[in-house]
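Good morning, colleagues. Please turn to the sequence and the model, which I shall now take in order from the whole chain to a single residue.

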Amino acid sequence: MAITLHDVARLAGVSIKTVSNVINDYPHIRPATRTKVEAAIDELGYQPNLSARSLRSGRSGVISLLIPDLRNAYFAELADAVMRAARAKGLSVIIEQMPGGKKEELEILRGPRMQLVDGILYSVLALGEEDAHHLDGTMPMVLLGDRIFNGPKDHVTMQNIEGSRAATDHLLSLGRRRITALGAHPGEVVGSAGLRLDGYRQALAEHGVEYDPSLVIPVISWHRQDGAEAMRAFLAEGVAFDGLVGFNDSMALGAMRVMQEAGLQIPGDVAVIGFDDIDETRYSIPSLSTIDPSKDQIAETAVALLLERIENPDSDAPARDLATEFRVVQRESSAD
């Protein structure tokens, strides 16, 4: 038999209205009363009726996270961070993987499942600033990633240029001068690949090292297999190099495997650093140096901004662009 509000009220010795106020986090409840009600809820194992609560409040307590690719370890770990940050705010998360392409990224916003949530965390890959007007008037939303800056929605990202510059600077400080950049998207300016290539070039210029296009390795997708295949093709060209900046950790890990199979010593022959600080970097052989972009901070900031917009739907506060802090994590792959 299901536990009801009446059962909780009877055990706590309070009214049904008081139990309801505690469940809905009404602020003006005496601490002692709140403690009694929460103890009764725990003892009875009471589960609130979320559908009824949604009808009363007009809110579901659910947000959506739209991400491009759960096979990419960064997005999987970001999703975990978002779920933890949302849970701390009393929210649940629906994760939706987008199939890719501008048309699909716009269509998903008009899908029926979007009517089930209070707001959206949206990591776009295909949309650009020229598409920002499509986001006007939509439900509360926070953009993630590097495609739309100064748009109509709050935006949380990482310091791509600065992080890539720091990664390249780290290898240059070790005396490496023939440093490959793995993961470029030819012609891209806005987006992670374009921004990280910019940071790579800035670091070279600051150290007086001439930019050599033959050291830039294009990769369409950013998975381990793609990094491995790109490195295998690069080695076949016979270009001399002594360092590698991977634009993400997965590609760097795939490239390291191929280099080791080819007899190269890491870091002796080639010092390597990635980007994203995914969990696997701690356990690879050698462990992978990387840029930690603060995934937890990205998640916590994005969830907080989204909840603020949900709770203040009529606010005319301007959209904000925020970037989290990063740090260089040196491990075995770039040991001195």
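The protein chain exposes about 16300 Å², an area computed by the Shrake-Rupley method with a 1.4 Å probe, where for residues only the protein chains shown count as cover. Carbon and sulfur atoms supply 51% of that surface. This is a predicted model, in which local features need pLDDT of at least 70 and side-chain atom pairs count only at pLDDT 80 or more, while totals for chains, interfaces and linings use all residues. Residues are numbered from 1 along each chain as its sequence is written, and side-chain values use heavy atoms, with hydrogens and water left out.

Of the 336 residues in the protein chain, 50% are buried, that is, under 20% relative accessible area with a 1.4 Å probe, protein chains only. The secondary structure comprises 11 helices and 12 strands; these are DSSP runs, H or I of at least four residues for helices and E of at least two for strands, numbered from the N terminus.

Let us turn to helix α2, residues 16-23. Its buried residues are Thr 18, Val 19, Ser 20, Asn 21 and Val 22, and they pack against α1 (5-12) and α3 (31-44), a contact being heavy atoms within 4.5 Å.

Which segment holds Ser 333? Ser 333 is found in the segment after β12 (327-329). Ser 333 counts as buried because its relative accessibility is 0%. Not counting residues up to four places away in sequence, Ser 333 touches several residues, including Met 256, Ile 266, Leu 288 and Ser 289. A polar atom of the Ser 333 side chain lies 2.8 Å from the backbone nitrogen of Ser 289.

Notes: Polar contact = N/O pair within 3.5 Å; in protein donor to acceptor, adjacent residues only side chain to side chain.
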